[in-house]
Structure formats: structure tokens, C-alpha cells
Amino acid sequence: MRRPLIVGNWKMNKTASEAAAFIRDLRERVSASPHADVVIAPPFTAIETAYRTLGPSSWINLGAQDVHWEEQGAFTGEVSAPMLRELGCRYVVVGHSERRTHFGERDENIQKKVRAALKHGLSPILCVGESLAEREANRTESVVTDQLKVSLAGLAAQDLATVTIAYEPVWAIGTGRAATTEQAVTVHRSIRLFIETGWDSQTASAIRILYGGSVTPQNIEPLLVSDAIDGALVGGACLNPDSFATIINLAQVQRA
Ligand code: PGA
């Protein structure tokens, strides 16, 4: 049985002091997470404060929202995997659709980021998903498969086991229009089949596949009822400690 994973992607929200206040508030609402892994992904500028506020061995794990593939050098504005590791990050979101849309990120570079993360002990959360036009043209599965093919090319099964895939249909992100459980499950199954065909069934059954796109406390339950969906990548609803706490608590109950 895969352990559920709930990831809060803060995007470009919260200063360092707001991050500390959020963590204190969240911990008053949820004291432990025995049945699910929980990650918060603050902006780079709040990671160190979050790390210190969390303290050692917190049940809340730290992630970053992006990483550069080189370890160091002349890459103005970028942050590397060793820098994130030193600040306690264990996860990193890679290939988010906003990075693809607003910053021209391509699968070839996403592949390099996945490899850099793995090399430095960060678990990549690789985001894939189709646009509305692609869904309407019945291209969802081929778009997602093509993204995975390039991003995961050449990875050994043991590396792939530490990767999480987040299926995030672009039309569902920040729109209030989440995919139905059925829509998500169909894509999740095709992703797992892709892993099984490209690697092996053991790897396919171990890998976690999250759903993301307008997840809220109101709609997470039917999504998590399906054992094809191993958790959620949450944007808007993770910024409020009350709604993020509710999502975490619902994940505990569903998979306890
Ligand atoms: P949303 O964002 O929950 O606000 O739709 C999800 C995401 O972008 O990861």
C-alpha cells in the first residue's frame, strides 16, 4: 500500500515571517501525520525560516518549487540542489505547468532537473498534464506520456522509485474546476501502465501519483477514495492553515 502524500505548493506567496506564522498555526491544528506524508514548498526566500521553525524531525517535510540542474556557477537567479539540501529540503517540484507556460520550461531541461535532484538526494515531484485544447482533441494520454518519456528517460528503476508524479491538468490549475475522480483515475492508470511498460511492475506499483488542480477540502475525499490516486498537490487551498489542515486530516482518515 502506498503512503499518501499531500504537498502544499505555495507558489509566489508568503514572506519568511508569514511562513513561520503559517507553520505555527498549522501545527496547532495538526499535531502529527501518522498515515500520510506532508510537504510544504515555500518560495526560496522562506525555506530557511521554515526549516528553523519546523526544527529537527518534524512531520512536515520541506520542498522547493524548482531547482537548477547544475550544482553551481554562472546561472544568475538560479538555486541548486545542494543549496536546497543544506536547508533541509527533501523534495522538489519539477516541471510545474506555470514554469512551462511562463518561463518556457521544456521537457529536456526538466529531465536534467529530475536527475540533479536525484543525484543530491531530493525526491522530485514531476508535474505533467494536458491543456484544455489537448484534452478536447483527445490527446491527454499522448501528451502526458510524451512529457514522461523525455523527463524520465534513462532513469534506473531504483531512482524512479523515489520520484513522485503529479498529474495536473492545466485547465484545472487555479480555475476552481478540478478534474473528476474518473478523469484523474483514467490518466493515473495510463501513467502507471507507462511506468510498468518502460520499467517493471514493481516500480510501477511503488511510485506515487498525485492529482493536482483546484483541490480543496470539499473535493479531496472522492479523489482519495480511489487507490489510483496517492495524494494531492495543492495550490490555492494550501495557503490557509485551516483548509490545509483539513486536507491533511482527510487524507489521514481515508488511508488509515
Ligand atoms: P491549485 O494549484 O490547487 O491552486 O489549482 C495546484 C498547483 O498548481 O499545483
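**Group meeting: the ligand site and the barrel**

Let me start at the ligand: Lys 11 places a polar side-chain atom 2.7 Å from one of the ligand's oxygen atoms. Before I go on, please note that this is a predicted model.

At Gly 174, a backbone N or O atom lies 2.6 Å from an oxygen atom of the ligand. At Ser 214, a polar backbone atom is 2.7 Å from a ligand oxygen. How much of the ligand does the protein bury? The ligand taken alone exposes 280 Å², and the protein buries 95% of that.

Now the surroundings. The ligand has 14 residues around it, and the closest are Lys 11, His 96, Glu 168, Gly 174 and Ser 214. Sorted by class, this shell holds 5 nonpolar, 7 polar and 2 charged residues.

Next, the fold. What do the strands form? They make a closed barrel of 8 strands, in the order β1-β2-β3-β4-β5-β6-β7-β8, and the pairing is parallel. On average, neighbouring strands of this sheet are turned by 25° against each other, with direction ignored.

Opposite Ile 40 stands Leu 62 in β3.

Then the helices, of which I will take two. Helix α2, residues 44-54, packs on the sheet and touches β3 as well as β4, residues 89-94. The direction of α2 makes about 165° with that of β3. Helix α7, residues 140-151, lies across β5 (123-128) and β6 (164-167). Its angle to β5 is about 150°.

That is what I have for today.

Terms used:
Residues numbered from 1 in each chain as written. Predicted model: local features only at pLDDT ≥ 70, side-chain atom pairs only at ≥ 80, totals over all residues. Heavy atoms only, no water. Near = heavy atom within 4 Å. Polar contact = N/O pair within 3.5 Å; in protein donor to acceptor, adjacent residues only side chain to side chain. Areas by Shrake-Rupley, 256 points an atom, 1.4 Å probe, with all protein chains shown as cover. Nonpolar A, V, L, I, M, F, W, Y, C, P; charged D, E, K, R; others polar. Pairing = 2+ DSSP bridges. Helix = DSSP H or I, 4+ residues; strand = E, 2+ residues; numbered from the N terminus. Axes fitted to C-alpha atoms, helices over the stretch in contact; angles between N-to-C directions. Contact = heavy atoms within 4.5 Å.
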